[in-house]
Amino acid sequence: MFTLAEVASLSDIQPTYRILKPWWDVFMDYLAVVMLMVAIFAGTMQLTKDQVVCLPVLQSTVNSKVQPDTAGKADFTTVETTTGQEEASMRTVSYGSTPTVTPDILSRATSSQYQPTESDQELKKEQKDSSGRKTNLDFQQYVFINQMCYHLALPWYSKYFPYLVLIHTIILIVSSNFWFKYPKTCSKIEHFVSILGKCFESPWTTKALSETACEDSEENKQRLTGAQSLPKYVSTSSDEGSPSASTPMITKSGFKFSADKPMIEIPSVTILDKKDGEQAKALFEKVRKFRAHVEDSDLIYKLYVGQTVIKTVKFIFILCYTANFVNTISFEHICNPKVEHLIGYTQFECTHNMAYMLKKLLISYISLICVYGFICLYTLFWLFRIPLKEYSFEKVREESSFSDIPDVKNDFAFLLHMVDQYDQLYSKRFGVFLSEVSENKLRGISLNHEWTYEKLRQHVSRNAQDKQELHLFMLSGVPDAVFDLTDLDVLKLELIPEAKITAKISQMTNLQELHLYHCPAKVEQTAFSFLRDHLRCLHVKFTDVAEIPAWVYLLKTLRELYLIGNLNSENNKMIGLESLRELRHLKILHVKSNLTKIPPNITDVAPHLTKLVIHNDGTKLVVLNSLKKMTNVAELELQNCELERIPHAIFSLSNLQELDLKSNNIRTIEEIISFQHLKRLTCLKLWHNKIVSIPSSITHIKNLESLYLSNNKLETLPAAVFSLQKLRCLDVSYNSIAVIPVEIGLLQNLQHFHITGNKVDVLPKQLFKCVKLRTLSLGQNCITSIPDKVSQLLQLTYLELKGNCLDRLPATLGQCQLLRKSGLVVEDHLFDTLPSEVKEVLNQDTGIPFANGI
């Protein structure tokens with residue numbers, strides 16, 4: 001037998017789920033508990049009390065009702081024909097097929113009418129004193145017939161009513177709570193309830209809403225004092241629309257700037273404990289992931305609708321069949337068990353002692369079912385009256401500054417609708433964690449708390465140009481204290497997706513260089529005005545062209561622009577470089593990408609450019625005709641562009657001074673003769689190619705001062721190279737050159753000579769006639785000895801000899817006045833062969849700066 005506590009536990013739901021149970025579900029749960037009590041009470045009554053009580057219907061009584069005269073005569077006739085012997089045998093009950101009565105009763109009845117005696121008079125007196133009729137049935141026979149008639153005469157509904165109520169109620173309880181238990185919905189619901197509780201209790205929720213209240217009160221004051229006190233400048237990158245009459249004008253970040261008043265600071269309410277801040281940031285991430293996980297399906301909604309439909313159908317079914325069986329529950333029943341051969345009677349009258357109570361319980365149960373059904377119908381009406389798969393935070397947006405809270409859909413929307421039936425404050429507080437404005441405020445508060453002015457000052461360093469530089473990497477935003485570093489020259493922001501440059505940047509009067517690496521920074525209007533007038537150099541590194549901020553193309557005073565990212569031919573039309581025409585002062589354009597042609601839009605600034613650098617990732621650069629328009633370009637770099645020959649468009653650049661074609665597939669440079677028209681060309685870099693020979697036409701480049709041919713396939717150096725009298729730097733490292741021609745002595749202005757990584761075995765004496773040499777790289781060759789004439793190189797500061805076949809160093813190295821041990825690259829054992837006085841000279845520190853190579 002079930003106890004009430006055991007059965008009631010079936011309807012228990014975890015207390016945390018209560019926020020997802022609207023009033024009708026709660027009410028139906030209580031109704032289900034009452035129905036359980038009805039079922040258990042009825043079942044207990046049936047198990048503890050007798051089922052039915054039956055008494056036989058005597059045959060004489062039945063016959064007298066139908067044919068009283070005939071029955072009486074038949075009885076008497078039977079008595080008269082009965083012999084004395086038969087009378088003795090008939091004192092036992094006959095089990096024949098025909099109804100019989102006992103001889104004693106018949107003899108008494110006969111004697112009372114025809115032969116009255118003294119004993120008959122006494123019998124009459126007893127009959128007058130007692131009521132009812134004697135049946136001569138034993139107790140076991142009564143028990144037997146009661147059990148028989150319980151199954152035969154009693155309607156089935158009277159017998160199974162308590163159990164049916166119990167089964168129906170359990171089905172209704174399971175139907176009500178199935179959406180909490182189904183595996184594919186249970187995890188989502190548990191996760192949602194957990195997040196919702198944390199969002200409701202998070203200190204950030206209270207602080208964010210309090211901050212909104214502060215802002216609203218401030219806006220009300222401003223509205224009362226006049227519209228002229230409203231902020232004048234707002235962020236140009238704000239995603240909000242135009243404010244309506246009922247919505248306060250605020251910036252996306254919550255901070256305001258105007259021309260005549262400082263930023264409005266929120267009081268100490270924005271101070272957040274570090275632990276609470278970390279918890280709030282984790283909640284933002286959880287809400288974002290949960291939304292993406294739940295919003296793509298509507299399984300929870302369909303399951304809830306399905307179980308409501310099932311409960312409604314169940315209610316209709318119970319009501320229909322129960323109404324038909326209400327009248328079958330009665331107190332009296334006629335039983336014909338057909339066991340007269342055992343009992344001697346064919347018909348019994350039975351009473352069901354539980355009939356009255358069961359009928360009252362059944363009426364109560366029907367009443368409960370009707371109430372339950374009406375609630376189910378109301379639930380269906382609610383489910384289909386409004387679109388529950390869509391949820392709008394419109395009221396929350398109107399009541400707070402978080403106007404960017406998005407509308408949600410599917411299961412996420414349905415769960416929020418269910419929460420609203422419990423308490424709308426839950427969804428309002430939950431909406432705080434769907435707002436990017438709220439998240440940005442939290443990030444800003446946490447960021448400013450962590451990155452103070454003192455900490456930022458510790459990260460400031462000096463770069464190669466001796467400028468003060470600050471590099472911020474992977475932060476949630478730009479700390480406000482950065483703008484207090486007024487002496488900063490270079491600011492690097494890398495992987496900061498929510499970077500925002502506020503008006504306080506106008507304090508950084510020394511700032512001229514800005515780096516944005518995967519950082520689509522948003523700039524307020526006042527900050528943009530400052531950058532437009534002061535910024536000189538900008539580096540933008542991006543993955544997609546859309547990451548380039550639009551304000552970049554409006555910096556009219558910008559001198560240098562570095563674009564590093566994907567700008568292939570399909571995206572050239574979207575690059576937005578057509579607005580480069582506004583960059584009237586742009587001098588240097590550096591593009592590191594995968595171009596197949598130079599974007600035509602670059603020609604908008606072609607007349608102003610003095611330096612163009614294109615670093616491809618190995619993509620072949622085909623169309624170069626637009627280079628002809630860049631008449632003022634002095635430096636041109638086309639690196640890793642898969643060029644096979646020197647482009648003819650280059651020969652039209654009359655002002656070209658330096659050409660760098662590094663890392664291409666150039667095999668021949670016969671076109672070099674055309675460089676004679678480039679009168680200003682002084683530097684030619686053809687390194688990291690596949691050049692096998694240098695044509696004699698190179699002599700026509702009279703003004704060439706630097707020639708870089710390293711990492712090619714040269715085997716010889718033609719004498720034409722040494723006719724370039726103005727040559728100061730010659731780099732032929734990492735080729736296959738075996739001999740240094742004696743004509744090298746003609747290069748009297750040569751200062752840097754690099755021939756590392758070749759096959760040279762002998763150094764000609766004419767090499768040491770180049771007395772202006774400062775850098776001499778002879779490493780990784782086959783040189784066996786260094787001539788003593790090396791002492792003639794009085795200006796030598798760097799000498800590389802490592803990787804040769806030397807067994808000693810000449811002592812005359814000590815006469816190279818500017819050479820020091822730091823500039824002598826040689827094996828240690830060879831340095832030890834030098835005389836001690838020479839080593840002392842080389843070990844001296846004269847403080848002369850070391851000039852290394854190129």
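**Strand pairs, disulfides and annotated spans**

Biologist: What do S6 and S7 form, and how many residues sit between them?

Modeller: S6 and S7 form a hairpin, with five residues between them. Asp466 is in the turn, and its phi is positive, about 60°. Strands here are DSSP runs of E, at least two residues; helices are runs of H or I, at least four, and both are numbered from the N terminus. This is a predicted model, so local features need pLDDT of at least 70 and side-chain atom pairs 80 or more, while totals for chains, interfaces and linings use all residues. Numbering runs from 1 along each chain as its sequence is written, and side-chain values use heavy atoms, leaving out hydrogens and water.

Biologist: Are S6 and S7 parallel or antiparallel?

Modeller: Antiparallel, over two bridges. S6 covers residues 461–462 and S7 covers residues 468–473. Pairing means that DSSP finds at least two bridges between the strands.

Biologist: Which residue in S7 is opposite Arg462?

Modeller: Gln468.

Biologist: And S7 with S8, parallel or antiparallel?

Modeller: Parallel, with five bridges. S8 is residues 490–494. Leu472 has Leu493 in S8 as its bridge partner.

Biologist: New topic. How many disulfides in the whole structure?

Modeller: The search finds two. The criterion is a pair of cysteine sulfur atoms within 2.5 Å.

Biologist: Which cysteine is joined to Cys54?

Modeller: Cys350, with S to S at 1.9 Å. Cys54 sits in strand S1 (residues 52–56) and Cys350 in strand S3 (residues 348–352), so this pair ties together parts 296 residues apart in sequence.

Biologist: Right-handed or left-handed, that Cys54 and Cys350 bond?

Modeller: Right-handed, because the torsion about its S-S bond is about 110°.

Biologist: Are Cys54 and Cys350 buried or exposed?

Modeller: Both Cys54 and Cys350 are buried. Buried is under 20% relative accessible area, exposed is over 50%, and partly exposed is in between (1.4 Å probe, protein chains only).

Biologist: What does Cys149 pair with?

Modeller: Cys335, at an S to S distance of 2.1 Å. This pair also links distant parts of the chain: Cys149 is in helix H8 (residues 139–152), Cys335 is in strand S2 (residues 332–335), and they are 186 residues apart.

Biologist: What torsion has the S-S bond of Cys149 and Cys335?

Modeller: About -90°, so that disulfide is left-handed. Cys149 is buried, at 1% relative accessibility. Cys335 is buried at 1% too.

Biologist: What pattern do the disulfides follow?

Modeller: 1-4, 2-3, counting bonded cysteines along the chain.

Biologist: What about Cys320, what is its relative accessible area?

Modeller: 48%, so Cys320 counts as partly exposed.

Biologist: And which cysteine sulfur is nearest to Cys805?

Modeller: That of Cys782, 5.5 Å away. Cys805 is in no disulfide. Its relative accessible area is 49%, so Cys805 is partly exposed.

Biologist: Last topic. Which residues does UniProt list as "transmembrane region"?

Modeller: The unreviewed UniProt entry lists 27–47, 160–180 and 362–384. Those positions use the numbering here, feature names are shortened, and annotations may be inferred rather than shown by experiment.

Biologist: How far apart are the end C-alpha atoms of 160–180?

Modeller: They lie 31 Å apart. Residues 160–180 are 100% helix and 0% strand.
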